[in-house]
Amino acid sequence: KGTYLQADVTGINFSTKFTGSAHDALGRPIGGSNGGDGGTTLPVPALFFATQVSDRVHVGGGFSVPFGFQTEYDRNWVGRYNGIKSKFESLDATLSASFDVTDTFSLGASVIAQKTSAELTSAINYNAVGLSIQQGIGAQTAAGVAQIQAAAAAGQIPPATAAAMIQAAVQQGQAAAAGVAAMTPQGADGLARIKGDDWGYGYQVGGYWKLTPNDKLALNYRSKISHRLEGTGNFTTTPGYDVLLSNPALAGSIPPFAHTTGTADFTTPAVISASYWHQAEKFGLGIDLAYTKWDVFKNLTVNYGNSQPPTTEVFDWRNTIYASFGGDYYLTDKLTLRAGVAVDSTPTHSSTRDPRVPDSTRQLATFGVGYKASEHFEINASYAHIFVNQAHVNSTSGTGDTITGNFNDYGNLLSFSAQYKF
């Protein structure tokens, strides 16, 4: 009963370090560093309120960040063609209401307005782009030679003339390919930066049971939320590639790598969760389970507003299970001690895992303390360390650059919350 206001902030410290190597489409080693620490440290806030409007009806609202991750490596690292910076973030604003069906059973529902934003950067391997152009020139030359040979076989041109024409076509193709190679040497890099955001809407429903005076059970379903991210694609080129773009014979058939608009479809997952709590005089014990439908995240395809070909990164994530067990010990009427353990399976797997999300199954150990300063005011603090299994990657970029090795990760969470009851 009454009105509650709660403010939270969680400091997230995440570390990921790579050991391994990379090579291009021709098997040549890619030079560069191991990327440094690709993790980050940042605060994540949350705010909630709830109030009772009648004997059986409660309403509330909140702001939270249910999904998000960020990695950023050195600009010159060996995996730069697979990713440099990756940032996904979903911000939720919710309005909620609940109804006490009986003294022991309640139903609730929420509407969710969610803003999701994404930013991806990677290096552009213009040497690999040049190799693709050279292959196109080779295919065009071969097609021209085949036409000349067919004409000679049909008696349309003399054999000597055909031989001269074939020699000229081959020489012209070789010269063109050599020119492209000179303009796109190994190590000729640009930078791609893709950024977009979108608002989407979803819902949440749940039930709460007081099984006994000391036992409580809650079930909750949160819907998936579909987005069409809209934003921009920015690219830097090299002087050599600019020369190729200025060639009328090539400009219409090679990627322009020019500033443009773009769209990408992205869906945040549905989540089904259950919580059980047993309350005793001096302690409480609880179990939480959650099943997250990450299989909606198959790939991320960016469609551009100009002639730039679409880019696709395959993720092929799978559904995950989170399980935790913890408890409270009431040291005094004002002071509560807390501890718990959890395991959180990863949505990634080795066949499609890449440096953008070098994740693996996580285990968490946490402890905390709560202090009831008065009948109206309570503060809580907690710390969790995240142990992460080694994450193996064997990932190939859109230009055929492959990075192979392992990521060693860990995380720390430091949380504070304050609740005031009016």
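**Entry 1: the whole chain**

I noted before anything else that this is a predicted model. I then looked up the secondary structure, and the protein chain comes to 4 helices and 19 strands. Next I checked how spread out the chain is: its radius of gyration is 29 Å, while the globule rule gives 22 Å for 422 residues. The value is well over the rule, so the chain is more spread out than a compact globule. I also looked up the box that the C-alpha atoms fill, and along the principal axes it is roughly 105 × 40 × 35 Å.

How much of the protein chain counts as buried? I found 38% of the 422 residues in that group. The accessible surface comes to about 21300 Å², and carbon and sulfur atoms hold 60% of that. I looked at contacts as well, taking those between residues at least 6 apart in sequence: 70% of them join residues at least 24 apart.

**Entry 2: two helices side by side**

I turned to helix α1, residues 126-153, and helix α2, residues 159-183. They pack at an angle of about 175°, and their axes are 9 Å apart. Angles over 145 degrees count as roughly antiparallel, so that is how I describe α1 relative to α2.

Which residues meet here? On the α1 side I listed several, among them Gly130, Ile133, Ile137, Val145 and Ala152. On the α2 side my list includes Ala162, Met165, Ile166, Gly173, Val180 and Ala181. Sorted by class, the contact of α1 with α2 has 14 nonpolar residues, 5 polar ones and no charged ones.

**Entry 3: two residues with positive phi**

I looked up Phe257 and found its phi near 45°, a positive value in a residue other than glycine. Phe257 sits in the loop between α4 (248-251) and β9 (260-268).

Asp316 also went into my notes, with phi near 50°, again positive in a residue other than glycine. Its place is the loop between β13 (311-314) and β14 (320-330).

Are these two buried or exposed? Phe257 has a relative accessible area of 11%, and since buried means under 20%, I count it as buried. Asp316 has a relative accessible area of 30%, and I wrote it down as partly exposed.

Terms used:
Residues numbered from 1 in each chain as written. Predicted model: local features only at pLDDT ≥ 70, side-chain atom pairs only at ≥ 80, totals over all residues. Heavy atoms only, no water. Axes fitted to C-alpha atoms, helices over the stretch in contact; angles between N-to-C directions. Parallel < 35°, antiparallel > 145°, perpendicular 65-115°, else oblique. Contact = heavy atoms within 4.5 Å. Nonpolar A, V, L, I, M, F, W, Y, C, P; charged D, E, K, R; others polar. Buried < 20%, exposed > 50% of the residue type's maximum accessible area, 1.4 Å probe, protein only. Rg over C-alpha atoms; globule rule 2.2 N^0.38 Å. Areas by Shrake-Rupley, 256 points an atom, 1.4 Å probe, with all protein chains shown as cover.
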